[in-house]
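Hi,

Here is the structure I promised to pass on to you. Have a look at it first, and then read my notes below.

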Amino acid sequence: MRKAVILVSFGTSHRDARENSLDAIYGDIKKMCCDMDVYQAYTSGMIIKKLLSLGIKIYSADEAVKEALKKGAEILYIVPTHIIHGHEYDKITMICEKYSDKFNEIKIAPAVLENREDCEKVVSVLNSIISFDKKYEYILMGHGSDADANIRYEQMNEAFKNAGFTNVHIASVEAKPDLDDALNEMRKPDEVEKVILYPFMVVAGDHAKNDMAGEEDSYVAKLKDLGYNTEAVIKGLGEYPRFRKIYIDNLNKLI
C-alpha cells in the first residue's frame, strides 16, 4: 500500500525560523521515510497567504491531504509540530475525520506535550540541550492558549521542580503561567548572576524576536528594568536535533 506523511505546523513567515526549524524537521522525516511521499503544511491561512505573496507555496493541511490522495496514498500519517493539543491541533483532527473514509488508514501523532508524562520527558530533553546551570535563572517562553491543554505549561513547571531545576520557569505570552508567575519563583537580581531566556516554541519567529527579546515591552526589557542581567537565545526548539527526535519517535510509533 502506498503511504504518505504530512508534517503540519502553525507556520512562520520568518525565513530563518522556517529554514532552521520547520524545514529541518521536514528534512529529518524525508530521510526517515525515503520510500513515502512527504508533505509539509501549515494551519495558519494568514501565513500561507503572506508566503504566497513572496512566491513561496506552502500547502494548507487540507490541501496536503488532497495532494496525498491525488498521488494515490492509501495510508496517511500526520505529524503535528504543536507543543500542546490546543485549537490548532484540533484543526488537524477535524481534517482527519473529514477524510477518514478516503484512506485505508489515517493516523495522527500526538502533540509534544500530550500528557503529564511527556512533560517529564521533555524536561530531560531540554536539559540535554541547554545544560541548566544553578547559578542562572532560566525563562522558557511559551505561547499559551485558552484551551484545556494549556495546563501542560504548569505541569512543565512542576516537572522542572520535581527534577531539581527550581531555577527553570515556563512563562507564556498569552496565558498563565506568565512572566509575573516566573518572577514570583525567581531569585532577586542581586542573588543571581544572570537570567537566560529561550523560546519554548518550535520556531523562533515573531514571539521570540519581539515578545521575548524585543527592545520595548518584552520579557528582556521588563527584566532589565527590574535590574536583572539578561541574555536571550533566539533559537526555536526545532533547531535542536535532540528535540526534533521527538517527532521522529512519534512518527515511528504510528508506523
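Let's start at one end of a helix. At the start of α5, a side-chain oxygen of N115 comes to within 3.1 Å of the backbone nitrogen of E117. That is a polar contact, meaning a pair of N or O atoms within 3.5 Å; within protein, one must be able to donate a hydrogen and the other to accept it, and residues adjacent in sequence count only if both atoms are side-chain atoms.

Before going further, some ground rules. This is a predicted model, so local features need pLDDT of at least 70 and side-chain atom pairs count only at pLDDT 80 or more, while totals for chains, interfaces and linings use all residues. Residues are numbered from 1 along each chain as its sequence is written, and side-chain values use heavy atoms, with hydrogens and water left out.

**Helix α5 and its surroundings**

Helices (H or I, at least four residues) and strands (E, at least two) are DSSP runs, numbered from the N terminus. Helix α5 covers residues 116–130, which is 15 residues, and it spans 21 Å from its first C-alpha to its last. That is close to the 21 Å expected at 1.5 Å a residue, where the expected span is 1.5 Å times one less than the number of residues.

Which residues of α5 are buried? They are D118, C119, V122, V123, V125, L126 and I130. Buried means under 20% relative accessible area, exposed means over 50%, and partly exposed is in between (1.4 Å probe, protein chains only). The cover over these buried residues includes β6 (136–142), α6 (151–162), β8 (194–199) and α10 (241–254).

Just after α5 comes S131, with a positive phi of about 60°, even though S131 is a residue other than glycine. S131 sits in the loop between α5 and β6 and is partly exposed, at 49% relative accessible area. D217 also has a positive phi, of about 50°, without being a glycine. You'll find D217 in the loop between α8 (206–212) and α9 (219–225), where it counts as exposed at 63% relative accessibility.

**The cores**

In soluble globular proteins, nonpolar side chains tend to be buried together. A nonpolar core here is a set of buried Ala, Val, Leu, Ile, Met, Phe, Trp, Tyr and Cys residues joined through side-chain atoms within 4.5 Å. The largest one has 54 residues, and I29, M156, F160, F200 and F243 touch the most other members. Take F160: leaving aside its neighbours within four places in sequence, F160 is in contact (heavy atoms within 4.5 Å) with V123, L126, F132, L140, F165, T166, V168 and I170. There is also a second, separate core of 17 residues, including I78, I92, I95 and Y99.

**Salt bridges**

How many salt bridges does the structure hold? There are 19, each being a side-chain nitrogen of Lys or Arg within 4 Å of a carboxyl oxygen of Asp or Glu. Here are some to look up:

- R116 pairs with E158, their closest N and O atoms 2.8 Å apart. This links distant parts of the chain, since R116 is in helix α5 and E158 in helix α6, 42 residues apart. R116 is partly exposed at 41%, and E158 is partly exposed at 31%.
- R187 pairs with E137, with 2.7 Å between the closest N and O atoms. R187 is in the loop between α7 (179–185) and β8, while E137 is in strand β6, 50 residues apart. R187 is partly exposed at 27%, whereas E137 is buried at 2%.
- K176 pairs with D178, the closest N and O atoms being 3.5 Å apart. K176 is partly exposed at 49%.

K176 has another feature: its peptide bond to P177 is cis, with omega near -5°. P177 lies in the loop between β7 (168–172) and α7.

**The sheet**

Five strands form an open sheet in the order β3-β2-β1-β4-β5, with parallel pairing. Two strands pair if DSSP finds at least two bridges between them. Why is one side of β3 (59–60) and of β5 (105–108) left without a neighbour in the sheet? Both stand at the edges, each with a single partner strand. Strand β2 (residues 37–42) pairs with β3 over two bridges, and Y42 stands opposite S60 in β3.

Enjoy exploring!
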